[in-house]
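Thanks for coming, everyone. Let me put the structure up on the screen, and then we can walk through it together.

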Amino acid sequence: MKAERVAVREGDVLVIDATSGAGFGNPLERDPHDVLEDVLDGILSPERARAQYGVVIDVRAGALDEDATNSLRIELGRAFATTAPSHTPVDRRGYELAPPADT
Amino acid sequence: VNNARHVLGIDIGGTFTDVLAVEAETGTVSVAKVPTVPGSLVDGIVAGVDELGLELDSVTRIVHGSTTCTNALIEGTQATTGFIGTRGFSDEFDIQRMARRWAKTPRAAIYDLHQVKPPPFVPRRLRREVDERTLFSGEIAEPLDPGQVEDAAQALIARGADAIAVCFLWSPVNDSHERLAKARLENLLPSGFVSISAEVAPLVREYERMVTTAVNASLLPVLGDYLQSVDERLHQHGFRGRLLLMQSHGGVSGPGHLRDLPLLTLRSGPVGGAVAASFLARRLNRSRVISCDVGGTSCDTALVLDYEVPITDGTEVDHYPVRIPTADIRCIGAGGGSIAAIDAGGALRIGPESAGSSPGPACYGRGGVLPTLTDANLTLGRFGRDTLAAGIELSTGEARRSLERLARALGIAVEAAAEGIVRIAVANMAESIRLQTIDRGHDPREFTLIAFGGAGPLHATLLAEACSIPEVVIPVAPGVFSSLGMIVADHSHYARSSCLVPLDDVDVTDLERRFSALEREAEHQLRHDTGETPSRLRRSAAMRYALQEWELPVELPASPLQRDDLEEIRDRFHKAHHARYGFSRKDRPVELVALLVSAAVPAPRVAYGTANEHGRADAGDVSRTWPVVVDPREGAVEVVVHPRERLVPGQELHGPVVVTEPTSTAYVQPGWDVVVDSMGNLVARAA
């Protein structure tokens, strides 16, 4: 949003829609257990987990279906390779460097 | 076997359980230090009583500080807790506060680009929201549907919640929705472990209020189980007296009240020492005292002003805010076990890491190789090498070896490294005291330092000199002095309420009504606990200038309020603001934020210090000398060493001098003169 000093009068409604934080790297490589945690915490739906992260969750048991996840990820990985042929692996190292030792 | 009636003060630490018994009639004091039994703290109590040769059926009162709840939070063994809150607000558990502070040291935090906030106290999957809204005025904008609360609770129970916390917006002004929710939940939850913020912390600032309520709920089964097992075990051993617990604010309570508010015990560990110091301050007639308790891992300092430890309205446990009345004690990681190391910039640092009791300092000979503050003092000859409790043999060879690596890296002699370690540790402690005194407008030159804990008397005069404190008092048996605080503490309860009103708009009758209601609440708890009517009621208010964010506590007149009292209240706030910040703004409007009442019954009188068994003068002078490094440039010199039990009241000593006793060693540096007073205290003054 690029707006400064918006006058708000009585009765006005100010709505701000923010996206969640940007992702980093290939969603198919995210640890499925982390994806499960997000689903359990309600910040990711089981449908999105399946479609975008290739993670299959048994909603009733609140558990990961590892076999189904593995085969889905292989399938989605192939599809991804054809739609994004120039994809190069992201170098996460710079981002994930350990914080400097406390001095 | 001694069958006289006794009261016991028990301080259960991570390593040792200290038991201090006072014979009710004569005031004779006896002490035992036994290993703490993790997981079964009551075994330590029973062992200590055995060691003293007492029978539990002759004990009329046991007061103890329990670390059960603190340990549960640190170890993560509290109950799985669900949370129900106002729609749209429960993610505050994740958002927390904006301040950058989650680094190893608060100073590093603002530069730390990688800071990670602590995980939410209640994970999102265990949080549910319901439609309801109370406005800041207390008006209900959207009524609560109790059916939604029940559905939310069912979902949380299905996810494994054993306890449930409820916190709604603006419940400090109108708590009807929380009370309605509680009534429904108590029927629903088999355990009955339900906490609502109106009963735990009825104060503004909802993030802190949410967390405090959830912390309390999570501890309900923890303290309940503990009290039951202690009760059963003590009963089996014949105990028929009263069991009391220390609370974070320094007053004791019976178990009943704490079963509903277990979080009141969270800071009961360090407070015993400060209460003991306030007791001694009164005996010695010192109205401005700094209590300094240096143990194995930490240095806990507190001011004692007019014989009382000031109370704050909150603390933090394992990074989570807990808003309960808490004695104002500052803890830093500087104790006998603090480890000395060279940091990335080549400078010598002490702590906050501690060798603890296992492996302990290198000189314990239990496998520790890292040099600690104790190793440094032992190498300097300041530490009584044959006087440590619990049968630990000290090895000067191991102490020296641990320091050699460090001294080599620094390119200095071992003695110089040892002295440097002591100096830096003392500088850290002195900084902590300055933050409590100079930083808040108190002049340390007007204070007396009461130093205790196993390692306090070793550093007392060094610390006093660093802070320009002219007088030091070292009590008898300093290593178990904290447990004296348990015995002499008042029985007290607090009641609080939020009251956001500009002082100009206050209706005196209404304010008086609010205070009386709080007094009735505190009195009721106290009478329920003790069967007695409080002999002391106190009122205070949290106040601020309009548009200020933070409030200051202001003591108010205890008598029923009259119209003119509002000006007195305003005046007291200006004065408090001036004392704290160095200025006041008499032209600015003032507002009330919260009201606080305390009700207290004093502890039964203890004849502590009157039966002085010290000073068997007939035994003659048994002092000896041993080599002590006073100044590393001069090497070791022969210094007089006195066993404490042979000192006589009135006896004078001159630093440098070492005084040894079973729980501690005192080192008095040059330039300080000591007089033994009639209670056996060492009173040192800068010459």
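I'll go through some of the helices, sheets and contacts, one region at a time.

Please keep in mind as we go that this is a predicted model.

Let's begin with chain A. It has four helices and two strands, and if you read along the sequence, the pattern is α-α-β-β-α-α. Of its 103 residues, 17% are buried. And for the contacts with a separation of 6 or more in chain A, 42% come from residues 24 or more positions apart.

Now over to chain B, for the rest of the talk. Look for an open sheet of four strands, in the order β6-β5-β9-β10, with parallel pairing. At the edges you'll find β6 (127–130) and β10 (194–196), each of which pairs on one side only. From one strand to the next, the twist averages 20°.

Strand β5, residues 81–86 of chain B, is joined to strand β9, residues 163–167, by five bridges, and the two run parallel. If you want a residue pair to click on, F83(B) stands opposite A165(B) in β9(B).

So what packs on this sheet? Helix α8, residues 206–236 of chain B, does, touching β5, β9 and β10, and its direction makes about 160° with that of β9(B). There is also helix α6, residues 176–188 of chain B, which lies across β5, β9 and β10 and runs at about 180° to β10(B).

Stay with α8(B) for a moment. Helix α1, residues 41–51 of chain B, packs with α8(B) at an angle of about 30°, and their axes are 9 Å apart. Angles under 35 degrees count as roughly parallel, and α1(B) and α8(B) are therefore roughly parallel to each other. Which residues make the contact? On the α1(B) side they are L41(B), V42(B), D43(B), I45(B) and V46(B), and on the α8(B) side Y226(B), V230(B), R233(B) and L234(B). The crossing of these two, α1(B) and α8(B), is right-handed.

Next, a single residue. S291(B) sits in strand β13, residues 288–294 of chain B. Is S291(B) buried or exposed? Its relative accessibility is 2%, so S291(B) counts as buried. Leaving aside residues up to four places away in sequence, S291(B) touches G273(B), A274(B), A277(B), D300(B), T301(B), A302(B), V304(B), I450(B) and F452(B).

Here is another helix pair. Helix α13 (residues 414–436) and helix α14 (residues 456–467) of chain B have axes that come within 9 Å and cross at roughly 55°. That angle makes α13(B) oblique to α14(B). From α13(B), V422(B), V426(B), M429(B), A430(B), I433(B) and R434(B) meet H459(B), L462(B), L463(B), A466(B) and C467(B) in α14(B).

Further along is helix α17 of chain B, residues 565–581. Its 17 residues reach 24 Å from first C-alpha to last, close to the 24 Å expected at 1.5 Å a residue. The buried residues in α17(B) are D565(B), L566(B), I569(B), R570(B), F573(B), H574(B) and H577(B). What do the buried residues of α17(B) pack against? They pack against α16 (508–530), β25 (536–545), β26 (552–556) and β27 (590–601) of chain B. After α17(B) comes G582(B), with a positive phi near 85°.

Two last stops. Another open sheet in chain B has four strands in the order β28-β29-β31-β32, and here the pairing is mixed. Its edge strands are β28 (624–631) and β32 (664–668). Strand β31 (residues 657–661) is joined to β32(B) by five bridges, and they run antiparallel; V658(B) has Y667(B) as its bridge partner.

Finally, strand β33, residues 672–676 of chain B. W672(B), V674(B) and V676(B) form its covered face, while D673(B) and V675(B) form the uncovered one. Five bridges join β33(B) to strand β34, residues 682–686, running antiparallel, and W672(B) stands opposite A686(B). The two strands, β33(B) and β34(B), form a hairpin with five residues between them, and in the turn G680(B) has a positive phi of about 95°.

Terms used. Residues numbered from 1 in each chain as written. Chains lettered and ligands numbered in written order. Predicted model: local features only at pLDDT ≥ 70, side-chain atom pairs only at ≥ 80, totals over all residues. Heavy atoms only, no water. Expected span 1.5 Å × (residues − 1). Buried < 20%, exposed > 50% of the residue type's maximum accessible area, 1.4 Å probe, protein only. Contact = heavy atoms within 4.5 Å. Pairing = 2+ DSSP bridges. Axes fitted to C-alpha atoms, helices over the stretch in contact; angles between N-to-C directions. Parallel < 35°, antiparallel > 145°, perpendicular 65-115°, else oblique. Left-handed = near helix turned anticlockwise from the far one by under 90°.
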